[in-house]
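Reader: I have a structure open and would like to go through it piece by piece. Can we start with the strands and then move on to the contacts?
Author: Fine. Here it is.

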There are 2 protein chains.
Amino acid sequence: MDSFRAALPVPLTPAHWQLLRAILLPVAFSKGGQVLRPGQRCDRIYFIRHGLLRHYLLHEGKEINTHFALPGTFTTDFASLASQQPTTLYLEAMEPTALWVLRRADMLGLYERAAELQAIGRGLMEQLLAQQQVRLELLLRGSAAERYRYVQLRQPELLRAVPLRQLASYLGVSRETVSRVRSV
Amino acid sequence: MDSFRAALPVPLTPAHWQLLRAILLPVAFSKGGQVLRPGQRCDRIYFIRHGLLRHYLLHEGKEINTHFALPGTFTTDFASLASQQPTTLYLEAMEPTALWVLRRADMLGLYERAAELQAIGRGLMEQLLAQQQVRLELLLRGSAAERYRYVQLRQPELLRAVPLRQLASYLGVSRETVSRVRSV
DNA sequence: ACCATTATGTGACAAATATCACCGTCATCC
DNA sequence: GGATGACGGTGATATTTGTCACATAATGGT
């Protein structure tokens, strides 16, 4: 729980922290467990206590990884969360994974009781946005080699956490190309 | 101003609208005018009244367009706005462009006086996030042709608004390839 | 320990795309 | 109204990357 608190974008008074903690749900998934799948509505934000979540979508029968959520970070499917439309993403545990779950409705209810907590909501959005920004810059790097080196530089934990074949689609290149790029 | 109000993520009471309108700044740029450049801190959100803004970054001497902001939409550099670190982006008017500017500090000040307005801040973030999501999906589509068709389908106004040359780096392909893909 | 399965490395070849060079068209500005 | 420069189209060629095939680790389960 301390890691959750530390990951919040703003410091909290003990009273506010009590309120927030009361709406946190502990959830666990085993390896391969599906946290979210296409067609469902996403109405929650996940905090990774330990383990690893993979976001992916299917494109012409192939899985394309769009994000990996590492321990200590928040994640969700924005598009669905914001619009409350059904998602097109899969969210899957790559290892046994423990989460704290924040439901949107609970969070909105909390805002009624303590408007200061709205700053948390904004802050979480900003964190998630910053993640997206990094992701975008990655994909705009020209060559396969540049993309790999960009991850090496900006997200070294990711290289340790995910197998090469999963990384490939995240970089937008084939598994073989990643292998070759890495060996140089 | 009506278009601005219409673009807000939540409906406003007349009283709240008065408060918000008081902090809006009208700003105009001529063709080629720089709204933001690397090294500056971005502390504002822009609403496009008319005209067109281009976001780009330099990568090995070449300009790479990361976003085009069309009339009726909000835009900003998140990464800089959220972190208050200097930006690495250029934001430039491609035509004579008129904006409403919302300064972060003014907005935060408003939250103190009317906590309900925080919902606007969150809503804007969500809109911007949804834009990013579309952008990401675009870049993950495999081929040059798929990317072009994706824009045709999802952002047809964009094709009308920006010249092919500028679209190329946005799609992550060369100008010539866009030309060939389009001719089929 | 053994087998089955999954992950990774690598060569040969095919396909997609970039690059370079050049063309014509169109708008803009003295 | 002629020069200038931006834009888009197209061919020839070079590079990059994907694909297929197969070999070689690792890993997990019983």
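Reader: In what order do the 4 strands of the open sheet in chain B come?
Author: The order is β2-β7-β4-β5 in chain B, with antiparallel pairing. Bear in mind that this is a predicted model.

Reader: Which are the edge strands?
Author: β2 (34–36) and β5 (62–69) of chain B, each of which pairs on one side only.

Reader: And how far are neighbouring strands turned against each other?
Author: By 35° on average, with direction ignored.

Reader: How many bridges join β4(B) to β5(B)?
Author: There are 7 bridges between β5(B) and β4 (residues 53–59) of chain B, and the two strands run antiparallel. Within β5(B), N65(B) is the residue opposite Y56(B).

Reader: Switching to the two chains. How many residues does each give to the contact between A and B?
Author: Chain A gives 21 residues and chain B gives 21 residues.

Reader: On the chain A side, which element gives the most?
Author: α5(A), with 13 residues. The elements giving two or more residues on that side are β5 (62–69), α3 (78–83) and α5 of chain A. By class, the side of chain A that touches chain B has 11 nonpolar, 7 polar and 3 charged residues.

Reader: So what does α5(A) do with α5(B); at what angle do their axes cross?
Author: At roughly 20°, and the axes come within 10 Å of each other. Each of these helices covers residues 118–140 of its chain. Angles under 35 degrees count as roughly parallel, so α5(A) and α5(B) are roughly parallel to each other.

Reader: Is the crossing left-handed or right-handed?
Author: α5(A) passes α5(B) in a left-handed crossing.

Reader: Which residues of α5(A) and α5(B) make that contact?
Author: From α5(A), they include Q118(A), M125(A), L129(A) and L139(A). From α5(B), they include Q118(B), M125(B), L129(B) and L139(B). The residues of this helix contact divide into 8 nonpolar, 6 polar and 4 charged.

Note on methods: Residues are numbered from 1 along each chain as its sequence is written. Chains are lettered from A and ligands numbered from 1 in the order in which they are written. This is a predicted model: local features need pLDDT of at least 70, side-chain atom pairs count only at pLDDT 80 or more; totals for chains, interfaces and linings use all residues. Two strands pair if DSSP finds at least two bridges between them. Axes are lines fitted to C-alpha atoms, for helices over the stretch in contact, and angles run from 0 to 180 degrees between N-to-C directions. Angles under 35 degrees count as roughly parallel, over 145 as roughly antiparallel, 65 to 115 as roughly perpendicular and the rest as oblique. A crossing is left-handed if the near helix is turned anticlockwise from the far one by less than a right angle, and right-handed if clockwise. Two residues are in contact if their C-beta atoms, placed from the backbone, lie within 7 Å. Ala, Val, Leu, Ile, Met, Phe, Trp, Tyr, Cys and Pro count as nonpolar, Asp, Glu, Lys and Arg as charged, and the others, Gly among them, as polar.
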